Amino acid sequence: MSAGNLTLTNNSAAVGGSGTAFATELTDGDFIVATVGGITYTLPVKSVESATSLTLISNYPGPTQSGVAWSAVPRAAQNQITAALVAQTTEALRGLNSDKQNWQAVFSDSGDITVILPDGSSFTGPSWKKISDLLADIDTVALQQIADQVAEDAQQVATDLQDVDTKAVQVSGDATTASQAATNATAANTAAQQAKTDAVAANTAAQQAKTDAQAAAASVNPDNLLQKANNLSELVATASTARANLSVYSTTETDNKVAAVSNKISYALISAGTVGVNTRTVFTNPFGVNVPVVVEAEIQIGGVWSRTGWAFNSSTANAYGVNASYVEGTGIVLQTAVSYLWAGSNVSGGGHGVTTSGTSAPCRIHVWKVTA
């Protein structure tokens, strides 16, 4: 940047300076460069009148402006710039012409063309017209068929891949099965070998048993088998001793033992009369109030005496049955169910074989006392 500032006047060739040194920095034919309003102006100098005054070759075309910074450009430097600019412009025009020729060939030629690239290299290929003609000749129906076939083939390939995966899994499973079969075969062979060993051992034992039996048979004297002294000497001389040894009793002894057992069992029968439902009746124990006894109540249905059993129907809340119990300190208690005396035998387990139920019947109680 040169010293000082310029004053530029629109449509005037006169340029004033403030703090400038035009006389030492410029000569006729040099250039001054200044930027006004964002636009750079390159102005040729016609003459230098003083350090602060000069005249341009042509009038300044920009707006009037003072205090403008500036730069001095010698004519030689400007000439070099101009020459370089001319060279660049020429190269650009040459490239433009080449592009024009290239595009002309691309759009106009009907065959293959050669395009010259900016670096001087070339590229050969079809023109757009050739490409257009080729596209026009394409059978779209046939092309669609080919595309459909390709899609179908792709689907088949995918299916085949799935089949391959499935087969691979099956092969893996078969390999596992084969391995297990081999293991089982080995185990079976081991078992067979063991069975063979056991059979040999059994055969050896059988041979030994045969030998032992033959030896035992050889040691027996048949003549001695017919002698009482050698075979029946342990038998007793009397039947009574034999029965005692075998715990077998004579008729008299058996009767005596049965009588002894019968004397230990006492029996009584209590007639309870006709009973109804939901009653509790206490009877005197015929063997004493505090004598333990075994009791069983029966009722008569259709001329048949039997136990009734005891049943409860949860859906109807009905209870069935007649039961007798020994109660210490009280006696013998007869209790009837709240709903019915008996139910069907297949429900209560009674022995009458009936299928109906009833609320009144004759009743009796069996009582047994057993003495130790």
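Leu8 has Gln65 in β6 as its bridge partner, and strand β1 (residues 5-8) is joined to β6 by three bridges in an antiparallel run. Helices and strands here are DSSP runs numbered from the N terminus (H or I with at least four residues for helices, E with at least two for strands), and two strands count as paired if DSSP finds at least two bridges between them. Please keep in mind that this is a predicted model, where local features need pLDDT of at least 70, side-chain atom pairs count only at pLDDT 80 or more, and totals for chains, interfaces and linings use all residues. Residues are numbered from 1 along each chain as its sequence is written, and side-chain values use heavy atoms, with hydrogens and water left out.

**The seven-stranded sheet**

- Seven strands make an open sheet in the order β6-β1-β2-β5-β4-β3-β7, with antiparallel pairing.
- At its edges are β6 (65-68) and β7 (70-73), each pairing on one side only.
- Neighbouring strands of this sheet are turned by 35° against each other on average, direction ignored; axes are lines fitted to C-alpha atoms, for helices over the stretch in contact, and angles run from 0 to 180 degrees between N-to-C directions.
- Helix α2 lies across β3 (31-36), β4 (39-50) and β7, and runs at about 85° to β7; contact means heavy atoms within 4.5 Å.

**The four-stranded sheet**

- A second open sheet has four strands in the order β11-β16-β15-β14, again with antiparallel pairing.
- β11 (280-283) and β14 are the edge strands with a single partner each, so one side of each has no neighbour in the sheet.
- From one strand to the next, the twist averages 20°.
- Four bridges link β11 to strand β16 (residues 331-336) in the antiparallel sense, and Val282 has Val333 in β16 as its bridge partner.
- β14 (residues 310-313) and β15 (residues 318-327) run antiparallel and are joined by four bridges, with Ala311 opposite Tyr320 in β15.
- These two strands form a hairpin with four residues between them, and Ala317 in the turn has a positive phi of about 60°.

**A tryptophan in a helix**

- Trp128 is found in helix α3.
- Trp128 counts as partly exposed because its relative accessibility is 47%; buried means under 20% relative accessible area, exposed over 50%, and partly exposed in between (1.4 Å probe, protein chains only).
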